[in-house]
Amino acid sequence: MRIAFLVAVLGGAVFYSYIAFIDLNFLTRTGRLGPGFFPRFIGVGMALMTVWAILDALGDRRRVAAGGPEGDNDAPAGTWSDAVLLIALALGYAVLLRLFGGFVATLVYLVVTLSLLNPGRHVQNALVAVLLPVGVYILFDRILNANMPPALFDILPF
Amino acid sequence: MTELQDNWASRLRAGAIGVAVAAPLALGGAAFAQSYPSADETLDWTIAFGPGGGNDIMARTIIDILDTYDLYPGDIAAENRAGGSGAVGWGYLFAQAGSGYGISTTSGSFVTTPLQADTPWQPADFTPVALLATDDLVLVVNGSSDIQDIGQFIEYAQSNPVTIAGTGTVNVDFIVPTLFAQAAGFEFEYVSFNSMADQTTALLSDSVDAMVGNPGEILGLIDSGDLRPLVYSGASTPAALGDVPTMGDVGYDIGVSMPRGLILAPDAPAEAQEWWIATMQQVVQTPEWAEYISSNTLTPTVLYGEEFRTFLTNTQNGFAEVLRSVGAID
Amino acid sequence: MDIFSDLVMGLSIAITPINMLYLLIGALVGMIVGVIPGFGPSAGLAILLPVTFGMDPIGAIMMLAAIYYGAMYGGTITSILLNTPGESATVASTFDGFPLAKKGRAGPALVMQAVASFVGGTVGVILITILAPLFSQVSRSFGPPEYFLLAMMGMLTLIVMIGTNWKLGIISALIGFALGTVGVDLETGQGRYTFGSAELIGGIYFIPIAIGLFGLGELFYAFYSGLHKTGTGGIIQYDKESRFWPTAQDYISTRWTMARHSVLGFVVGVIPGAGATIASLMAYSTERSLSKHPERFGQGEMAGLVAPETANNAASSGAMIPLLTLGIPGSASTAVLLAAFLLWGLRPGPLFMEQNPELAWGLIASMYLGNMALLAISIFAIPLFVQMIKVPYRILGPAVVVICTLGTFSVHASFIETYLMFAAGIVGFFMRLYGFSPAALVLALVLGPLAEEALRQTLTISRGSFGIFLDRPASLWIIGVTIVLVLILPLMGRIGGSAGKAEKAGG
């Protein structure tokens, strides 16, 4: 995974550099630093550094495979499933926000998330899931007059 | 000034007007059987920038006047639909083509944003109501400078290339000095800043020779003598600037300014366009409007209907030509 | 002399029951607004300005100013408890604030940040009172060359942020610089990486990236390490009540830190456009280079929290100087204050303090009172915030997601920015997991565009010559101070070496 992440960064760096060299001028027509001046250095630097980091990571992996000690660069142990679950729930929340607006999306997200993370405590979960959106709504919409995400499909009666 | 920068002017009357905009737009098209405007329709007023920007203040000023004089019979729902330098808000209005109940105010970005991004709309696509005012610029030098008036400035600039500061490049701040310099026959380096505050600091610290800016934001420094106004780009100099000549007065009229006007959705019914033109003719007569013009040091320039569309097209073509010639846009 | 009688006159105007009420409301609202991630002082002010219509100008301006500096007090609370900076000026406060909380010192950290804010704010007001005319000269001696040098000084902080894994640290900073180049190029007006999208014309805004990387990234990581399964307690271990107050050692060890950075923060704040963010970053790196234990920074060192906190509050006072003496708003927040002045027909400029002495001195006097009120409010409110730590993490976690999301949305009402925040959260999780430096990314994103624009403006003005940096007295001053800092830094050994490379690469 570490290598996969670095490869993704490398992909970004190569794309960034490609645009910097193709689209953006190094100097302006009057000979000043152009819009592509810094992006070219940043892009190339990022690509080179990432390649180096990938080589390091490959080296670590080979050493570990050969029975050597773990490198200090390795990710600490943990549970992927829980992190992935939370990320997936957050993305679901993002989609709900666009469709049903801040209030409904928050309510649904909290009900689902809490029932997964905090199973069995229905009263506690229900209280949090209702009081938090209401509290935020009162604070943002009523007191601060700030923006809440509007609904594409308005299903609220008020 | 772009709207991002003059956001500081903040949401002046934002609280006063409700933001309930649940009005079903789908009904809009069918409702023209009776005379316009119908009191049952909610007017959907799009403000393409955040609360507090120049565009916001203008929209809310007009809405206040419409309310005060009972000029519009139905409800008006004003909503800030900010994003993408106006692309989001005007895109929203563009999507209401054919409706007479979608309306918006324009500002400089209405002309410049389509030049910079692939917006589905162009300024001339919308149904023009009226040009109400223009934003114009004053050229100033540091108060400690030896240059006393515009004649001396041009003379100096012809022998020593000068630096002039302004806000942004795809902006009237760049276009105005460029055209003026061409007309008056001098060369200069344009130094682009992010905001009026940044460029004013640069001029006060003697980093640049001169700058252009909206007079309203630097009157305090002009009054105290820290900045010296030389020439004004509008058709007539605002009272606050005293006897500063216009570019036309010194013989180099350039005729470019940022339009502040009112538009309806594309292909709005002729009836709606006519009603709004007649209404705006009343609005610009009110003392509230006069006060808005003077407190924001705008130039009152009024054009109605198709003349406004021609103005927009000419302004945009003029901008595109200058910007293309320096390579800022393709 | 005069100053004293002016101040007494100001106090007599400020101290009326109704004005004191406005001041308290402003301070309280400011703190609340500051606590919400995404809401900085500028967003809070813009949103609350309409409330002041119909109020008497002095009361209204006192209240708005209190919201402004009150937000600086509140902004640090989430930096310490959730590793989520509400705005750029409190990024530096996460560096040691959050480690302190993790070590079980959340209470002392919160109290010390309130004390540091009070000291910074109050010293700032004292300096305004006695030296406003002098400092107005400072704010008018800064042009693009000086801003470039200042941004480079801010980048010295990257040295610290790049951390032990310097390769990944540099990659992080370069990603930040790369994101910073998105948007229309200021000088040529050409779009860079905008791909025709109007949303990207203005560039990538810092707030969603910072909230995502720090707030959500940290949260995902906490779930990865299984914190939600532990019963109560959560992210931060919170010890007994007796550990709530800072120890005498905390005060004694940071007294000079506060003194130094009050002055430093104020001076940087006076410079329009530099403001509280650069002040807090400079304070952090300066403090680290002066410290006897630089290795403790980032591990939960009290001085590492106190330095940026003192500086950002002193800077927010300093920013009032260009506003009051030149009518130039030095930051987004003072720009909203300027709008408020204009609304009441007051036009700040060099003649403002002479023409409106009641208002100017009433405002200054109210800032003394406001800072005292804020210290008191903070001390009362901190126990409430500390309760938050006792909420089980499996409940606190989803709540943090909600607050970060709605806070981000509220700033510009933008779904794009909200999605950007989620994306940054996922990237932040991986960065945290594999030893990258989210802090270096965010700093590069803030400072990169500043440095690039200032350098290109400078070279346009000087027609390509770097000699301009040696021609201007203000530039020479900054170069002098930088040399002093850089001569101290190499003594810190290996980390110093890696940062030099980062600067060259990032420019």
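Predicted model: local features only at pLDDT ≥ 70, side-chain atom pairs only at ≥ 80, totals over all residues.
Within S11(B), B:Tyr304 is the bridge partner of B:Ala130. S4(B) also pairs with strand S10 (residues 258-264) of chain B. This pairing, too, is antiparallel, and it runs over 7 bridges. Here B:Leu131 has B:Gly261 of S10(B) as its bridge partner. S4(B) itself covers residues 127-135. The strand is mostly covered, with 9 of its 9 residues buried. In a regular strand, side chains alternate between the two faces of the sheet.

Chain A was examined next. Its secondary structure consists of 4 helices and 0 strands. The order from the N terminus is α-α-α-α. The chain has 158 residues, of which 32% count as buried. Its radius of gyration is 24 Å, whereas a compact globule of 158 residues would have a value near 15 Å. Along the principal axes, the C-alpha atoms of chain A fill a box of roughly 60 × 60 × 25 Å. Among contacts in chain A with a separation of 6 or more, 49% join residues 24 or more positions apart.

Chain C touches both chain A and chain B. The contact with chain A takes 54 residues from chain C and 55 residues from chain A. On the chain C side, several helices each supply at least two residues. They are H7 (166-180), H8 (206-224), H16 (393-412), H17 (415-433), H18 (438-461) and H21 (494-506). H16(C) gives the largest share, 11 residues. By class, this side of chain C has 31 nonpolar, 17 polar and 6 charged residues.

The contact with chain B involves 49 residues of chain C and 48 residues of chain B. Helices H6 (144-162), H13 (332-343) and H18 of chain C are the elements that give two or more residues to the side of chain C that touches chain B. The largest share of that side, 5 residues, comes from H13(C). Its class composition is 26 nonpolar, 18 polar and 5 charged residues.

Notes
Residues numbered from 1 in each chain as written. Chains lettered and ligands numbered in written order. Contact = placed C-beta atoms within 7 Å. Nonpolar A, V, L, I, M, F, W, Y, C, P; charged D, E, K, R; others polar. Buried ≥ 20, exposed ≤ 12 C-beta atoms within 10 Å, placed from the backbone. Pairing = 2+ DSSP bridges. Rg over C-alpha atoms; globule rule 2.2 N^0.38 Å.
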